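Me: I have a model open and would like to go through it piece by piece. Can we start with the terms?

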Amino acid sequence: MNNQIMDAELLSLVKTLNKDSTAYDEIQLIEYAPPQGLIELLNQEYILHNVSEPSVLPEIEASASVKLKKNGAPVAGRTKLGPQDTLEWEIVSKPLFTIEVSEDCMHAYLLIHSKHRYAWKLKNAQPSNYVKFEAEEDKSEILDSLEFAEIINSLQEKSVVRNIDHFAICQEFLSPTYQRIEVAKGVEPVPGLDAVIELYVKEKVENYFDEVEGVIDLRSHLKIPTVKKGEMIARKIPMIEGVPGYDVYGSRLNPPSPRDIQILPKNFVEINEHGEIKALKDGRPRVIGDQNKFVEITEVYVVTGDVNLKTGHIVFAGDVVVYGNAEEGAVIEALGSVYIYGNAYGASISAAGSIHVKGNTIDGKLFSGHYGVRNNRLYQAVAVLSDSLAKLLQAANSLNMELEVRKQKANFGQLISLLIERKFSSIPSLIKDLTVIISSVKHVHGEAAEELMGMLKTFYLTVSYNSLPAEFWSLLLNMLQRIINMIEQNQEMDAKVTIDQCHITRIQAAGSIIIHGDGVLQSHLYSNKNIVFSKENAICRSSRIEAEGSISAAEVGGEAAGETFLKAGKSIRVKKIVHCKVCIKNYCRQILERTGATVFDLGNMKYRQ
């Protein structure tokens with residue numbers, strides 16, 4: 001028998017297989033999937049379904065209102081639950097109210113969450129592979145109700161005893177807003193008042209013109225505040241203690257202690273039994289120092305003409321008044337204030353007090369207060385020599401101690417001589433420089449300077465340093481430190497600089513800088529307080545203006561000029577501004593377009609960052 005299949009039959013069989021292939025394939029692709037484990041919540045109970053295999057165990061999670069424990073351990077996040085596991089839960093219910101005290105203990109707050117505490121129950125959940133345990137209040141069953149006395153008792157338990165607002169508590173209890181309300185408030189301490197000196201005369205320098213016998217006296221247009229001999233010039237107003245406060249716990253809050261001052265009379269003043277200060281001669285009253293206030297009638301050195309290289313530099317322990325100009329190369333150094341009735345061209349002016357220039361200031365350097373002291377050539381020379389001399393004596397004493405340990409001896413002068421030769425060779429030149437500074441200036445005031453000059457001459461006339469005893473070096477160092485202290489005591493805290501206008505000028509002021517005239521060009525101004533352009537259309541161009549306080553200007557910057565830079569610690573107020581960089585502390589803006597009246601402060605500068 002021939003079993004060979006015919007082609008036609010083979011083709012028919014292939015077609016039959018093609019028709020059934022889809023069903024065959026589907027059967028092959030279906031894999032076995034075990035049933036999902038389910039959990040159901042019903043009537044405060046949980047029920048597990050289809051949990052025969054661990055791989056399909058259902059997952060559970062607790063909401064904020066429910067705490068779950070699986071096999072005795074707290075449940076955090078999702079976890080699988082099997083038939084062998086034990087599950088416990090408890091309802092997390094909020095208290096009916098809470099009392100909070102602020103961090104500074106000055107305020108206590110009440111927040112009512114609910115007037116009643118209700119029974120809670122688990123929410124039912126349909127069978128699912130994941131269930132979140134949630135609770136809901138059963139308002140048909142009240143377990144507890146809030147009482148007014150509970151709130152008061154809670155405040156007492158927290159030791160909140162001062163300034164309790166019973167009315168606010170009662171109002172919130174009767175008509176709850178369920179918002180946090182203040183129910184107790186402490187009392188801030190009242191600061192006291194510092195002791196101050198009240199001056200009976202104005203400190204402000206005024207511009208005016210006197211008419212003398214029908215003729216305008218042009219030299220009188222700077223009015224310097226002065227007093228007459230015998231006139232009372234000031235009095236001390238005693239400090240006033242502050243009033244203590246308390247926090248909500250009743251703890252005492254002490255106010256900061258007020259600062260007292262001690263008034264010390266210096267030159268040409270006396271203090272009577274009532275604390276009033278009387279002038280013993282005509283002149284300008286002056287108050288210097290911080291906690292120790294020194295009061296004096298300052299000496300005045302008057303220059304009727306100009307100050308220049310021909311007239312020599314001026315160093316004076318008081319006020320300097322120049323009726324002419326301070327010309328190219330002129331140096332004026334005052335331990336009081338400086339008044340220039342003319343112009344200042346290429347001059348360097350340093351004052352421990354204020355500086356007032358009526359005319360123009362060009363290519364000049366003006367330093368007042370702290371900066372005036374630091375730029376005083378006498379102060380600088382004395383400070384450098386004092387520092388070097390202190391190190392020399394320290395080295396000599398150390399060397400002498402080392403010799404004593406070795407049971408050897410050496411003359412102190414021998415040690416000084418050796419150290420100057422080997423390690424402190426600059427000291428002779430520093431002494432020479434200081435001698436030149438003191439002797440070259442024409443006007444030096446004070447016995448201390450004369451004593452110092454005598455000791456410096458002794459040093460130079462000595463053939464060998466060996467012959468100078470240890471006491472000489474100690475006295476010299478002490479004298480230098482006395483000079484430093486004397487100069488520093490003269491610096492005024494509010495040492496202003498007032499000018500008409502300036503160009504290519506550098507100004508540093510411990511007090512405010514006031515520009516009365518046309519403005520500032522290509523200059524650098526720095527003030528520990530404020531900088532004020534008084535004239536309505538005063539300009540400020542190609543300059544760097546910095547103030548720790550505020551700047552008040554008119555027209556700032558210019559399209560054809562170099563960049564102008566303004567920086568203040570508090571605020572900058574301008575009427576017009578263009579091509580200028582403006583900074584309040586470290587927050588800066590570049591102003592490129594012309595802008596009208598604007599105020600820059602920390603708030604709006606931060607907002608634009």
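Reply: A polar contact is a pair of N or O atoms within 3.5 Å; within protein, one must be able to donate a hydrogen and the other to accept it, and residues adjacent in sequence count only if both atoms are side-chain atoms. Helices (H or I, at least four residues) and strands (E, at least two) are DSSP runs, numbered from the N terminus.

Me: Where did the model come from, and what went into the values?

Reply: This is a predicted model: local features need pLDDT of at least 70, side-chain atom pairs count only at pLDDT 80 or more, and totals for chains, interfaces and linings use all residues. Residues are numbered from 1 along each chain as its sequence is written, and side-chain values use heavy atoms, with hydrogens and water left out.

Me: Fine. Which residue caps α6 at its N-terminal end?

Reply: Asn411 does, with a side-chain oxygen 2.7 Å from the backbone nitrogen of Gly413.

Me: And which residues of α6 are buried?

Reply: Buried means under 20% relative accessible area, exposed over 50%, partly exposed in between (1.4 Å probe, protein chains only). In α6, residues 412–422, the buried ones are Phe412, Gly413, Leu415, Ile416, Ser417, Leu419 and Ile420.

Me: Zoom out. How many helices and strands are in the protein chain?

Reply: The chain has 10 helices and 52 strands. Of its 609 residues, 40% are buried. The chain exposes about 33900 Å², and carbon and sulfur atoms supply 50% of that; accessible areas come from the Shrake-Rupley method with a 1.4 Å probe, and for residues only the protein chains shown count as cover.

Me: What share of the contacts joins residues at least 24 apart?

Reply: With contact meaning heavy atoms within 4.5 Å, the share is 44% among contacts between residues at least 6 apart in sequence.

Me: Sheets next. What is the strand order in the open sheet of three strands?

Reply: The order is β6-β3-β12, with mixed pairing. Two strands pair if DSSP finds at least two bridges between them. The edge strands, each pairing on one side only, are β6 (79–80) and β12 (130–133).

Me: How do β3 and β6 run, parallel or antiparallel?

Reply: Antiparallel, with two bridges joining β3 (residues 59–62) to β6. Glu59 has Lys80 of β6 as its bridge partner.

Me: What about β26? Why call it largely enclosed?

Reply: Four of the five residues of β26 (residues 284–288) are buried, so the rest of the structure largely encloses this strand. β26 pairs with β27 (residues 292–298) in the antiparallel sense over five bridges. In β27, Thr298 is the bridge partner of Arg284. The two strands form a hairpin with three residues between them, and Gly289 in the turn has a positive phi of about 95°.

Me: Change of topic. How many aromatic pairs are there?

Reply: Seven aromatic pairs are counted. Rings of Phe, Tyr and Trp (its six-membered ring) pair if their centres lie within 6.5 Å; planes under 30 degrees apart count as stacked, over 60 as edge-to-face and the rest as tilted. One of the pairs is Trp89 with Phe133, which is tilted: 6.1 Å centre to centre, 50° between the planes. Trp89 lies in β7 (residues 87–91) and Phe133 in β12, so the pair ties together parts that are 44 residues apart in sequence.

Me: Is Phe133 buried or exposed?

Reply: Phe133 is buried, at 0% relative accessible area. Trp89 counts as partly exposed, at 27% relative accessibility.

Me: What about Tyr371 and Tyr526?

Reply: Tyr371 and Tyr526 form an edge-to-face pair, 6.1 Å centre to centre with 85° between the planes. Tyr371 is in α4 (residues 370–374) and Tyr526 in β41 (residues 524–527), so this pair ties together parts that are 155 residues apart in sequence. Both tyrosines are buried.

Me: Which residue lies over the face of Tyr246?

Reply: Arg162, at 3.6 Å from the ring centre. A charge sits over a ring if NZ of Lys or CZ of Arg is within 6 Å of the ring centre and within 35 degrees of the ring normal.

Me: Last one: where is Lys229?

Reply: Lys229 is in the loop between β19 (222–223) and β20 (232–237), and counts as exposed at 62% relative accessibility. The C-alpha atoms of Lys229 and Lys281 are separated by 4.1 Å, though the residues are 52 apart along the chain.
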